[in-house]
Amino acid sequence: MLLSLAALAEEALYSLEKSVHITAETTSHCKENSFASGVCFAEVEVDMPVGKIRILDIINVHDSGKLINPSLAKAQVHGGMSMGIGYALSEELLVDEKTGRPLNANLLDYKIPTAMDTPNLHTDFVEMDDPTGPFGNKALGEPPTIPVAPAIRNAVLHATGIAFDSLPLSPQKLVERFMKEGMIGAESGKLKGVKHMYDIEKYYQAKDVEDAVRALEEDADAVVISGGSDVLIEIREGKLAGCSLVSIHGIPALEGVRMEADGTIVIGPATTFSHITYDSVIQKYIPALGWAVDQVGGPQIRNIGTIGEMSVMA
């Protein structure tokens, strides 16, 4: 032996002439691997007018080789199924497109399933011994989570005939799609015998300001909706029951904060309170305004409430 490992490390670290980092690389090609597999079956009930999905029955079946601890394996599958249910129905990280800041970075607004939201979870295993795995077992980490959301989505497709291509399957997303397909709303008689959370005659999403003006001219009784924090409450209380809505949500010309050449700061009427709080122009020139709007209501209100809507209501 020319040099011990300790002497080599000392020389590499402290030598005034040959001090270098010791590095090594290696590559391994795995020619044999234990492939775990699993499936999920779900039965759902869809309340179309309110966009509510209720899971009636759900089961995961996995081939994870020989189970060393069956009780722990079952608990692992239950945890993965709960994560998959949240992914399918409620969990969605909202990010301000202008600032990149999360809008719902808390467990009040980022909706994970609770015990009240979780149905009875059923599991089963196909124990096929795999000689390439340790003790004949295979993976059971991520597999329980992976098939749940697709199974729920396909169950909704089977129940309604509508194929959704994005998650989560939130009530708003379902209702908008069902209305677009003419399955609920004025065009379909609103599904007789069903009590509605919101009595809305018609809903129209304007493409731009001119389109919104045209829609309002065609229907003089229509109500403008942007964030909806006040309008939807009045509909639910019966003050605007049966109204038609023209949405200006998402129209770029009405959103955001900008500074004009003469120094005037313009805030679009459809700009949310959360956007104003974190906007760089506001933080630099009117930080007091950013602080003030951050005191309005809770995170949910600030994420949907718009400065124009609140100013009109005030």
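Me: Let me start with two strands: how many bridges join E4 to E6?

Reply: Five bridges join E4 to E6, and the two strands run parallel. Strands (E, at least two residues) and helices (H or I, at least four) are DSSP runs, numbered from the N terminus. Two strands pair if DSSP finds at least two bridges between them. As an example to look for, Lys202 has Ser244 in E6 as its bridge partner.

Before we go on, this is a predicted model, in which local features need pLDDT of at least 70 and side-chain atom pairs count only at pLDDT 80 or more, while totals for chains, interfaces and linings use all residues. Residues are numbered from 1 along each chain as its sequence is written, and side-chain values use heavy atoms, with hydrogens and water left out.

Me: What is the order of the strands in the open sheet with parallel pairing?

Reply: The order is E4-E6-E5, so to speak a row of three strands. Strand E4 (200–205) and strand E5 (223–225) stand at the edges with a single partner strand each, so one side of each has no neighbour in the sheet. On average, neighbouring strands here are turned by 30° against each other, direction ignored. For such angles, axes are lines fitted to C-alpha atoms (for helices, over the stretch in contact), and the angles run from 0 to 180 degrees between N-to-C directions.

Me: Which helix lies across E4, E5 and E6?

Reply: That is helix H5 (residues 209–218), running at about 155° to E4.

Me: Is Ser247 buried or exposed?

Reply: The general idea is a cut-off on relative accessible area: buried is under 20%, exposed is over 50%, and partly exposed lies in between (1.4 Å probe, protein chains only). Ser247, in strand E6 (residues 243–247), has 2% relative accessibility and therefore counts as buried. Leaving out residues up to four places away in sequence, Ser247 touches Tyr203, Tyr204, Gln205, Ala206 and Ile225. Contact here means heavy atoms within 4.5 Å.

Me: What about Thr272: where is its place?

Reply: Thr272 sits in the loop between strand E8 (265–267) and helix H7 (273–278). With a relative accessible area of 18%, Thr272 is buried. Not counting residues up to four places away in sequence, Thr272 touches Arg302, Asn303, Ile304, Gly305 and Thr306.

Me: Which open sheet has mixed pairing?

Reply: An open sheet of three strands, in the order E1-E2-E3, has mixed pairing. Its edge strands are E1 (37–47) and E3 (122–125), each pairing on one side only. Eleven bridges join E1 to E2, and these run antiparallel; Val44, for example, has Ile55 in E2 as its bridge partner. Strand E2 (residues 52–63) and E3 run parallel, joined by four bridges. Among the partners in E3 are His122 for Ile59 and Asp124 for Val61.

Me: How many residues lie between E1 and E2 in their hairpin?

Reply: Four residues lie between them, and Gly51 in the turn has a positive phi of about 65°.

Me: How do I read two packed helices, and at what angle do H2 and H3 cross?

Reply: Two packed helices are described by the angle between their axes and the distance between the axes. Here the axes of helix H2 (residues 70–89) and helix H3 (residues 148–160) come within 8 Å and cross at roughly 50°. H2 and H3 are therefore oblique to each other. In this scheme, angles under 35 degrees are roughly parallel, over 145 roughly antiparallel, 65 to 115 roughly perpendicular, and the rest oblique.

Me: Which residues make the contact?

Reply: On H2 they are Met81, Gly84, Ile85, Tyr87, Ala88 and Leu89, and on H3 they are Val148, Ala149 and Ile152. H3 also lies across E1 and E2, running at about 40° to E1.
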